[in-house]
Amino acid sequence: MEIQPWRRYVPALFLFSALLHTTTSVNHYSIPEELEVGSVVANLASDLGLDVTTLGRRKVRLDIIANKKYLEVNKDTGELFILERIDREYLCTSKAMCYLKMEVILENPVRIFNIEIEIQDINDNAPYFRRDTINLDVSESTSAGERFSLSNAVDPDIGSNSIRTYYLSESDNFDIEVQTGRDGSKIADLILKKPLDREENAVHNLMLTAVDGGKPSRSGTASIIVRVLDTNDNAPKFDKESYTINVSENSPIGNLVVKLNATDLDEGSNSEINYSFSLYTSEKTQQTFDLNSNNGEIRVKEIINYEDFKIYDMEILATDKGVNSLSGKCKITILITDMNDNHPEISIKSFTSPVKEDIDVGTVIAVVSVSDKDSEENGQIDVHVSEKLPFTLRKSSDNYYELVVSEPLDREKVPEYDITFTVTDRGTPPLSDNETMTLELLDVNDNVPQFPQSFYTIQVKENNAPGELMSSITAHDPDLHENQYLVYFIIEKEIVNTSMSMLFSINPENGNLYALKTFDYEIEKEFLFHIEARDSGVPPLSSNVTVHVIIMDQNDNTPLIVSPWRAHGSVVEEKIPRSTDKGTLIAKVIAIDTDSVHNSRITYQFLQNTDATLFSLDQYNGEIRTMRMFSYRDSRHQRLVVIAKDNGEPSLSATVTIKLSTVETALKTYADMTEIPEYDIFSDLNLYLVIGLGSVSFLLLITILVTIVLKCQKPKPSKAGPPCRNSVISERNSTIADSTLVSNDAYWYSLFLAETRKGKLVVRQPVPKGSRYIVSSIPRSTGLTETSDSAASTLQVYYLSI
């Protein structure tokens, strides 16, 4: 078909006219960040010289340029108001100046206005340190005035709201100096005021506070732990300066005379002590007594005879192992006591210490030998250890005994054992001797980390801030060192192609669980995953705990009115016969709310009713019915404003305006009384559309009949389905019926397909992606007489969120 020539120039003329009414001037506004939702920024109608009454008709809209839509225009008042809270730090991360640029667009005629809004910073962020704890190692030999760099605090705010200065907790040894960097940032250095003494105070705990310049000011803190490193500035010192000891003659070789103890206030190698005889100790004394250089034990080295020597004098030196070693000394006088007998002797031939706590039962720990110079019964020796210890003695050969493990050992219960060997002869009176050795147990990784709970339930409100601390989940391991050091992590699990590590984060050191994103109850209601605690042993042991995160709903969704359908704006115009009977359904208002059950309960009320005696509104199902018949006194035009409110705190609502006009004659079709934009379609298309719809209707009818026949032939018990509530919006001369699927967790939309004599196609709201569809076709009754060219059908499309 040939297109008429004049129609070719209509788009070009329209575009040229629009350009003539477009302005390039820019209106500037300035607002602080974090304004409340609904706050008015400016009156655009007044500032732009627009008529407020024409804003709705001219379809005023606000387009944001390269940003999220934070603002909106009130079409009734022309005011520019806050639609969503504005966070300057989120919007302009590192910019000193922050602007929102947008366009105000009107139609009929087209005009475009440029708007630029400056977002001003407020002091809504407190300074914080990237590390909560700052560790410093300072030698006690460090001179006063030494400087140490500290980690700076961070404040997302700018200008006077950023960091102004730092403060240090009171300290006799330390102070801070605050400097200003080239970029204006504040830098703090720790200064040593007074030399340190590790022996006086080995660790200094300080608190560093960063304060911004806002009004009121905000602050953040970090802990500074200064560990003082040792220098060798203390000499070893004995418990006593001199000892006088009595030793019997014929004391067994190896018998302990005295165990010297010297202490050094230093640490590390500076405190490790080596014992030795001084030059003032005679060679005879050194031959008779043995000095253990490591533990200071002085033992009998050879047989002592009272008749040979009655007194032994010695001087013992205690020397540390520092680079510039220091030493202390003590004097010992040993007096030999004359005895006319011989004590049984015990000798430790071998002793294994430390041993691992998982050592096998029956393992030999030590081999000891016993002897007595006496003969017969006086020389017969009995050896035993305490029965309370998990060890037993086993005789291997004459005068030799093995100490073996008799019960499993557990370091977590007993870390070490003092084992005393007691030897007693069978003389009269019996003589005895004993020897004590300390068995130290080494830790093995034999304990699994234990959580105090087997199941954690954590409740988180939706719309939470990313990075928010949800809970702290910690475990305990009684092992030592690396066997005790625990690392926490989330066991990976994918939910709708999203791993748990993208939703949650756990601090591997302390088990703090954080949310990485903002949750929406209407999309995700709960998460179930596992957290594992693993120690650092070899091989590592681990355990896990189940975490159930429940998203708590908030009333953050406004009810959406989906019926009656509004072609333009929020006003619905309907025509009804003046002869309508009492109780007739005039309209049905249907609204949906995607919040939870409590927050999505919707009630309906009249905000405005031209005649309160003429119409009634059911607050639960939204049905508007006549309370009486129309009289000649009633106005021909009725205006009803209905508000749909949810049950949340605070309650959210939506309104719809229904304008009713009474007529004396029947109406033809719904299409003739609604303001639906018309699109010219070739007349041949009408024929094809009628044929197509007829074919589909015929096939649908055949399918329904076959299904009914099959069901009748094979009846089966069926479970009761969920209740469904269908309601017809209008029982008048209308071509549109509405079928509503009522579900608290379902979104639904409708697709209306209607054919009229002019070929009008109306599509209402696109169906979102990623949803399940339920499609039903509902034949519609016209109520009054319909013309043959206004036949229409309704296609209802529902979708459920997955």
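Predicted model: local features only at pLDDT ≥ 70, side-chain atom pairs only at ≥ 80, totals over all residues.

Let me start with strand 23, residues 297–300, which is covered on both of its faces: Glu297 and Arg299 are buried on one side, and Ile298 and Val300 are buried on the other.

Which strands pair with strand 23? One partner is strand 19, residues 256–259, which runs antiparallel to strand 23 and is joined to it over three bridges, with leucine 256 as the bridge partner of arginine 299. Strand 22, residues 289–291, also pairs with strand 23 in the antiparallel sense, again over three bridges, and here aspartate 290 is the residue that stands opposite arginine 299. Strand 22 and strand 23 together form a hairpin with five residues between them, and in its turn glycine 296 has a positive phi of about 75 degrees.

Let me step back to the whole chain for a moment. The protein has seven helices and 53 strands, and of its 802 residues 39% count as buried. If we take the contacts between residues at least 6 apart in sequence, 67% of them join residues at least 24 apart. The protein exposes about 45700 Å², and carbon and sulfur atoms supply 52% of that area.

Now to two of the sheets. In general, the strands of a sheet pair through backbone hydrogen bonds, either parallel or antiparallel. The sheet with the order 9-16-15-12 is an open one of four strands with mixed pairing; its edges are strand 9, residues 133–139, and strand 12, residues 163–168, each of which pairs on one side only. From one strand to the next, the twist in this sheet averages 25 degrees. Strand 9 and strand 16, the latter covering residues 219–229, run parallel and are joined by seven bridges, and in this pairing serine 139 stands opposite leucine 229.

Another open sheet of four strands has the order 26-28-31-30, and its pairing is antiparallel. Here the edge strands are strand 26, residues 345–351, and strand 30, residues 391–397, while neighbouring strands are turned against each other by 30 degrees on average, with direction ignored. Inside that order, strand 28, residues 364–371, and strand 31, residues 400–405, are joined by five bridges, and valine 367 is found opposite glutamate 402.

To take one residue from it, leucine 71 is in contact with residues including Val41, Leu62, Phe81, Leu100, Met102 and Ile117, once its neighbours within four places in sequence are left aside.

What about the cysteines? Cysteine 92 and cysteine 98 form a disulfide, with their sulfur atoms 2.1 Å apart, and the count for the model comes to one disulfide. The link is right-handed, with 70 degrees about the S-S bond, and both of these cysteines are buried. Cysteine 330 counts as buried too, because its relative accessibility is 2%, which is under the 20% limit.

Finally, some details of the backbone. Most residues other than glycine have a negative phi, and most peptide bonds are trans. Asparagine 108, in the loop between strand 6 and strand 7, has a positive phi of about 55 degrees although it is not a glycine, and a cis peptide bond joins asparagine 108 to proline 109. Another cis bond runs from lysine 215 to proline 216, and proline 216 lies in the loop between strand 15 and strand 16.

Is histidine 481 buried or exposed? It counts as exposed, because its relative accessibility is 61% and exposed means over 50%. Histidine 481 sits in the loop between strand 35 and strand 36, and its phi is positive, at about 50 degrees.

Terms used: Residues numbered from 1 in each chain as written. Heavy atoms only, no water. Pairing = 2+ DSSP bridges. Helix = DSSP H or I, 4+ residues; strand = E, 2+ residues; numbered from the N terminus. Axes fitted to C-alpha atoms, helices over the stretch in contact; angles between N-to-C directions. Disulfide = S-S within 2.5 Å. Buried < 20%, exposed > 50% of the residue type's maximum accessible area, 1.4 Å probe, protein only. Contact = heavy atoms within 4.5 Å. Areas by Shrake-Rupley, 256 points an atom, 1.4 Å probe, with all protein chains shown as cover.
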